[in-house]
Amino acid sequence: MAKAAAKTKKSGAATEAARVRAILRGLAKMYPDAECALAHKSAWELVTATILSAQCTDVRVNMVTPELFRMWPTAEALAGAPLAAVEQVIRSTGFYRNKAKSIVGAARVVTEKFGGVVPQTMAELLELPGVARKTANVVLGTWFKKSEGVVVDTHVKRIARRLGLTKAVSPVMIERDLVKLLPRERWTAFSHEIIHHGRKCCVARKPRCAECGLEKLCSAKDKTC
Ligand code: SF4
């Protein structure tokens with residue numbers, strides 16, 4: 001009996017691994033050019049844009065950052081900026097008081113502690129005000145090409161659950177499940193692809209399942225076909 005149960009468990013795991021591989025193939029096929037949608041030309045600009053993207057669309061952030069980076073082109077410049085002036089520039093991204101505090105605070109830490117250079121480790125990035133694992137993973141994966149984790153934003157959270165890749169609710173636990181399931185070299189691309197999928201197809205309300213290339217691999221309760 002125990003042997004039979006072990007065999008069943010093993011074949012279940014193999015089936016699940018094959019399903020995960022099929023999901024990854026499907027995503028790569030649907031979104032071969034998926035990249036970070038936040039406009040940036042440096043690690044510092046990406047840190048700033050990602051902090052501003054909390055509870056805000058990337059499109060809106062991209063409308064605000066050209067002026068922000070024109071007025072304060074470097075972390076050192078922003079570190080000395082008057083908070084009220086920064087607030088005015090980023091106002092339309094929402095939660096602008098907190099975000100202004102975060103980006104000016106992050107600019108100060110980058111300038112004073114890291115010599116004006118954005119650090120390249122998770123532990124150091126987490127020292128910057130306003131930077132949690134999500135922002136750190138974006139910067140490490142997208143700019144520094146280092147896979148230290150999987151970005152878990154609202155799209156990744158929703159779709160990973162719909163696809164049965166996790167049952168967890170908190171971003172930290174979801175990330176823990178995803179890094180166990182996905183090959184490391186796919187961590188960064190997976191996040192970009194899922195974020196694109198969340199915008200184009202697997203939207204929060206009424207996902208467009210009839211158009212979805214993952215439909216046969218998905219048993220989400222709120223599937224629409
Ligand atoms: S089938 Fe529907 S719910 Fe499942 S991933 Fe595709 S769009 Fe999302």
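Colleague: Which residues are around the ligand?
Modeller: Arg162, Leu163, His197, Cys202, Pro207, Cys209, Cys212, Glu215, Cys218 and Ala220, where a residue is near a molecule if one of its heavy atoms lies within 4 Å of it. This is a predicted model, in which local features need pLDDT of at least 70 and side-chain atom pairs count only at pLDDT 80 or more, while totals for chains, interfaces and linings use all residues. Residues are numbered from 1 along each chain as its sequence is written, and side-chain values use heavy atoms, with hydrogens and water left out.

Colleague: How does the shell around the ligand divide into nonpolar, polar and charged?
Modeller: Seven nonpolar, one polar and two charged. Ala, Val, Leu, Ile, Met, Phe, Trp, Tyr, Cys and Pro count as nonpolar, Asp, Glu, Lys and Arg as charged, and the others, Gly among them, as polar.

Colleague: Cys202 is in that shell. Buried or exposed?
Modeller: Cys202 is buried, at 10% relative accessibility. Buried means under 20% relative accessible area, exposed over 50%, and partly exposed in between, with a 1.4 Å probe and protein chains only.

Colleague: Switching to the largest pocket, what is its volume?
Modeller: About 700 Å³. A pocket is an open set of points on a 1 Å grid over the protein atoms alone, where a 1.4 Å probe fits, with protein on both sides within 12 Å along at least five of seven lines; lining residues have an atom within 4 Å of a point. Grid points are joined across faces, edges and corners, and the volume is the space filled by probe spheres set on the points.

Colleague: What about phi of Gln55?
Modeller: Near 55°, a positive value in a residue other than glycine. Gln55 lies in the loop between helix 2 and helix 3 (58–71) and is exposed at 68% relative accessibility.

Technical notes:
Helices (H or I, at least four residues) and strands (E, at least two) are DSSP runs, numbered from the N terminus.
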